[in-house]
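Me: Please walk me through this model. I would like the chain symmetry, then the sheet.

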Number of protein chains: 2
Amino acid sequence: MTRSIPTRIYLNEDEMPKYWYNLRAEMKEKPDPILHPGTLKPVVHADMEPVFCKEAVKQELDDNTRLIPIPEGIQDFYRAYRPSALIRAYYLEKELGTPAEIYYKFEGTNTSGSHKLNSAGPQAFYAKQEGIQSLTTETGAGQWGTALSMACGFYGLDLTVYMVRVSSEQKPYRKAVMETYGAKVIPSPSNTTEAGRKILASDPNTGGSLGCAISEAIETAVKTDKCRYVLGSVLNHVALHQSIIGLETKTALDKYGIKPDIIIACAGGGSNLAGLIAPFMGEKLTGKSNARFIAVEPASCPTLTRGRYVYDFGDSAQTTPLLRMYTLGGSFMPSKNHAGGLRYHGMSPIVSKLFHDGHLEARSENQTDIFDAAIRFMKTEGILPAPESAHAIKVAIDEALECKKSGEKKVIVFGLSGTGYFDLSAYMAYNAKTLTDMVPSDEDLERGFASIPNIPQNK
Amino acid sequence: MTRSIPTRIYLNEDEMPKYWYNLRAEMKEKPDPILHPGTLKPVVHADMEPVFCKEAVKQELDDNTRLIPIPEGIQDFYRAYRPSALIRAYYLEKELGTPAEIYYKFEGTNTSGSHKLNSAGPQAFYAKQEGIQSLTTETGAGQWGTALSMACGFYGLDLTVYMVRVSSEQKPYRKAVMETYGAKVIPSPSNTTEAGRKILASDPNTGGSLGCAISEAIETAVKTDKCRYVLGSVLNHVALHQSIIGLETKTALDKYGIKPDIIIACAGGGSNLAGLIAPFMGEKLTGKSNARFIAVEPASCPTLTRGRYVYDFGDSAQTTPLLRMYTLGGSFMPSKNHAGGLRYHGMSPIVSKLFHDGHLEARSENQTDIFDAAIRFMKTEGILPAPESAHAIKVAIDEALECKKSGEKKVIVFGLSGTGYFDLSAYMAYNAKTLTDMVPSDEDLERGFASIPNIPQNK
């Protein structure tokens, strides 16, 4: 039996996007500007260039250009692992008995195991082009650090990764892959920076946080000659690079005349979500589509669903510019038994703005439910998902079961942002039934909110 | 720049093979028959059916039918992860500066991480169809056990995996994946079988061997109601299922009018090699091609390059039928510091016959050289290979560098049979420079040869 829509829709190499899609250019209500923490005025290029590569800064501050060309050197990098497949979840649909059509864009077949490579490549390319010799970054669950290690190996750049301590202990193999690609991996907080030493002094047993690892990575980048810092999520230029996910997805769906009704993605810093939804949200904002968009986050780090939409620092040492975003406060740390990624205290300003303006829904899910969904998915679709991606799976299943009740034949598209091959300690905990749900109390949240800067913009 | 040959050649779903290719039907000189160990006469269906599924036995003993239809139920299984990409190694070619064209068939994007799923699916399908409720098997490096766990999860069969002890200690995550898919994993030798207890009594600290794990799995299968044993390599029906690798490769190359000059694959039990070469070797045997074929094995388990071509048991407890094959003897165990797979004492009778008759070359390689090649490959091509597959990479690089010397524009095709995501302890040892080469001495080999049965056929 040959299916009219194949299980895997692949694009040809010449159908790969030649431009990234800058969703901000389509937004009538733009995200609020990034502010300099000293002057509280919008940052200019010169403010950010000591920390980031020039081209990244240019893209970060450009909210007008709709299509931004992908340089040939980056297209060459993308051809090493793209285009990725858009997969029709025939097996899962059958098991659920749903009339819905479910599709997922699978970004996990590259060795880093996730979509993060889509921005790691460009950022390493620009650094090389600008004569930078080394990069620093942070990683939480490890996807971003692994991706950047690959990109730095490819372009011949030195790399130091500050890895959230609890993750580096849970995931020795993540560290091994990064080191095999030539990166130096330092568990954070560490004694190598002021920011790390300060946090260790106040809490020697801390499991660390992304906010703290960012502070350490920035401090090291600024102190080191010909070195820059790169970030794997949150910022506008990262969302821009990730738009390749959505552009490929749209091209693949268009080939078969398929219009999505619901688009679902997990959200930590928001880059995977922003990337997948970009061209579809562009259609919605311009009145060409009525699709629904759902961001899924962990109940243990409920940025959109329980956070505040204010100006906050991107890191815990309060050294970055200020971003208007949903935030739990830079001092917020998810419970140590939180096994997946998506542990950042803030959220992409683009995603935050879309949510604030009602264009996007958000849900939070407990990790035991997430793993139940992951197991159901891997037994039918054959792919062991990253715990992050399993958040999207959970809601896709819920929506498909809603369709079963209502009899509606909706088209559900979700982002399978990565695989869980390096997250097996979490699956082992699930198998051993030691995985528990830890939802922060209102008091926990208040403690986090207390670290949000008390500035006029936040009144 | 769009390339005339894309980096990744994907087949459409309707181009997927509908038939397996039975290479034996093309061989004028057939492999010698499998013998009953008691009578020393060729086995008949009834001899094998208490151990294996009926359809597997039928395929095992059929050396005449050239094309064997793939049932729709198995095609459905294949569609969950196939067709796999044939990748042009543009990045590696550039780094080597070779005029050769290098292609690799990548079988590692499914969650089991290797080609083994191509036979696990069919064997689980047939078991289900024949009313079998549970399966047993062995696994060495873990690829086969993982693949069969996935297949049994998909078809709803119970599974017990005897995992070579040294591997189960080196690769806790392999065990975790198998358990997540619902399999029971027992380090071998174990106390659950006669065969295991016997070996433990003589050597309590043994790291185990595939031969021993096979004995335990067969013993358990025979003792258990509605239970059968399945094997992941060596046997004819496994090679048959794996022919899908070669068939897809040939279809992809034919699309672009490419004729391979050299085809390279790693060889442990020989299923990956036999599968990749099948249709190409068929052309060679019928005078339609002059391609060279190279099997690559570890210097620490040199079956083809230093073994004997005789009748031997498939397991160490001497319970299986006798196979005429290259063998190091059922008691041979590779050194404990051997990090990759490919540790079986014997070799597929098909591959053995082709090698014996001069249609196939063989090389053995040291593991430190293998890992050097793996690192070179992953830094250019971006894929972290299984140590097994790195054997093929090593020889592909050697051949490409020969082309660089001679200026020849040869077409080299190799099998990238799997990824190394679950083999990171070996990479960690490589990074820490604790990986060493252990080549068995002539005395080591003689001790192994002493376990080969002393029967008239071997005089």
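**Symmetry and sheet**

Reply: Chain B can be laid on chain A by a turn of 180° and a shift of 0.0 Å along the axis, with an RMSD of 0.0 Å. Superposition is by least squares on the C-alpha atoms of residues with pLDDT of at least 70 in both copies. The model is predicted: local features need pLDDT of at least 70, side-chain atom pairs count only at pLDDT 80 or more, and totals for chains, interfaces and linings use all residues. Residues are numbered from 1 along each chain as its sequence is written, chains are lettered from A in the order in which they are written, and side-chain values use heavy atoms, without hydrogens and water.

Me: As by what kind of axis are the two copies related?

Reply: The turn is 180° and the shift along the axis is 0.0 Å. The copies are thus related as by a two-fold rotation axis.

Me: Which C-alpha of chain B is nearest the axis?

Reply: Its distance from the axis is 2.9 Å. The residue is B:Thr109.

Me: What is the strand order of the open sheet in chain A?

Reply: The sheet has 4 strands, and the pairing is parallel. Strands are DSSP runs (E, at least two residues), numbered from the N terminus; two strands pair if DSSP finds at least two bridges between them. The order is E8-E7-E6-E9.

Me: Which strands of chain A stand at the edges?

Reply: Each edge strand has a single partner, so one side of each is left without a neighbour in the sheet. They are E8 (184-188) and E9 (227-229).

Me: Which residue in E9(A) is the bridge partner of A:Thr136?

Reply: E6 (residues 134-139) of chain A is joined to E9(A) by 3 bridges. The partner of A:Thr136 is A:Tyr229.
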